[in-house]
Amino acid sequence: MKKILLPGAKIELRPDAEMEGHEKEESQLLSKFYSSKISDIKEDGVIEAYMPIEQRRLIMFSVDSVCTLYCYAPSGIYQGKVVIVNRYKNGEVYFLLMRLVSELKKNQRREYFRYEIAIPMRDRKMEGKEVGWLTKRNVINVDDFVEMNNSRIIDISGGGLRFSAGHLYNVGDFIYCKFEFGKHFAACAKILDREIDPGDPEGYWYRAEFMCMDGRDREDIISKIFQAQRSARSRRPDR
């Protein structure tokens with residue numbers, strides 16, 4: 001655990017129940033994963049992390065609530081159960097304290113290893129028959145001559161991507177997108193979450209899941225991610 005849960009490590013928390021301040025119906029529309037970062041590991045093993053923020057609002061985890069923690073380490077993704085033991089404010093910064101209550105295990109589902117990147121993307125909403133082909137027949141049949149919008153990918157995984165855009169999609173919309181990541185990709189995805197861009201109040205951040213993606217394309221994305229991770233680690237100065 002000492003080599004995995006380290007200050008600065010990126011984590012995601014998935015609550016086992018609705019969060020404070022969110023009605024059940026609303027929480028189903030929000031992302032079930034809340035991003036944060038470890039700020040410290042206490043002597044007694046308690047994990048201190050920054051309080052997650054979504055749509056400019058603090059996500060208030062209840063004390064004694066149980067969550068699944070996902071930790072992004074250079075060797076992969078690890079997950080385990082944690083219980084929230086305290087929350088507090090120090091200066092202008094809010095923190096969570098949590099204790100690991102299960103064994104930390106490596107997540108073997110490589111498609112969920114996300115890689116932060118900034119690359120352009122072209123996308124548009126899928127309509128009518130295109131959605132029918134996708135949802136009823138698991139077939140991608142789209143019109144490549146329809147005008148597309150400009151967006152920017154924020155992070156990507158074999159399972160989907162997060163991107164910023166100035167145009168509006170609703171949760172549940174299906175989109176057709178094109179981007180370059182080691183090779184050219186043309187993919188369909190479903191919008192899972194939308195929030196206001198923290199750097200542009202007129203823009204949006206979206207989280208989308210790839211739909212009907214060819215297995216070879218998915219593996220190409222995963223391979224490219226791990227290749228980029230290895231390259232980044234090799235450039236780091238020895239400590």
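I began with Cys212 in this predicted model, and I found that Cys212 is partly exposed, with a relative accessible area of 31%. I placed Cys212 in the loop between β15 (200-211) and α3 (215-235).

Next I asked which cysteine sulfur is closest to the sulfur of Cys212. I found the sulfur of Cys188, at 7.2 Å, which is too far for a bond, because a disulfide needs two cysteine sulfur atoms within 2.5 Å. I then noted the count under this rule, and it comes to zero disulfides. I also looked up Cys71, which has 0% relative accessibility and therefore counts as buried, since buried means under 20%.

I turned to the backbone angles and reminded myself that most residues other than glycine have a negative phi. Against that background I wrote down that Cys212, although not a glycine, has a positive phi of about 55°. I recorded a positive phi for Asn138 too, near 55°, and Asn138 is likewise a residue other than glycine. Where does Asn138 lie? I found Asn138 in the loop between α2 (128-137) and β11 (149-156), and I noted that Asn138 is exposed, with a relative accessible area of 58%.

I then looked up the aromatic rings and noted that the count of aromatic pairs comes to nine.

Phe179 lies in strand β13 (residues 174-180) and Phe210 in strand β15, so the pair ties together parts that are 31 residues apart in sequence. I noted that Phe179 is buried, with a relative accessible area of 2%, and that Phe210 also counts as buried, at 4% relative accessibility.

I also traced a cluster in which ring pairs link Phe163, Tyr169, Tyr204 and Tyr206. My last entry concerns a charge and a ring: the charged end of Arg137 sits over the ring of Trp133, 4.3 Å from the ring centre.

Notes:
Residues numbered from 1 in each chain as written. Predicted model: local features only at pLDDT ≥ 70, side-chain atom pairs only at ≥ 80, totals over all residues. Heavy atoms only, no water. Buried < 20%, exposed > 50% of the residue type's maximum accessible area, 1.4 Å probe, protein only. Helix = DSSP H or I, 4+ residues; strand = E, 2+ residues; numbered from the N terminus. Phe/Tyr/Trp six-rings, centres within 6.5 Å; stacked < 30°, edge-to-face > 60°. Lys NZ or Arg CZ within 6 Å of the ring centre and 35° of its normal.
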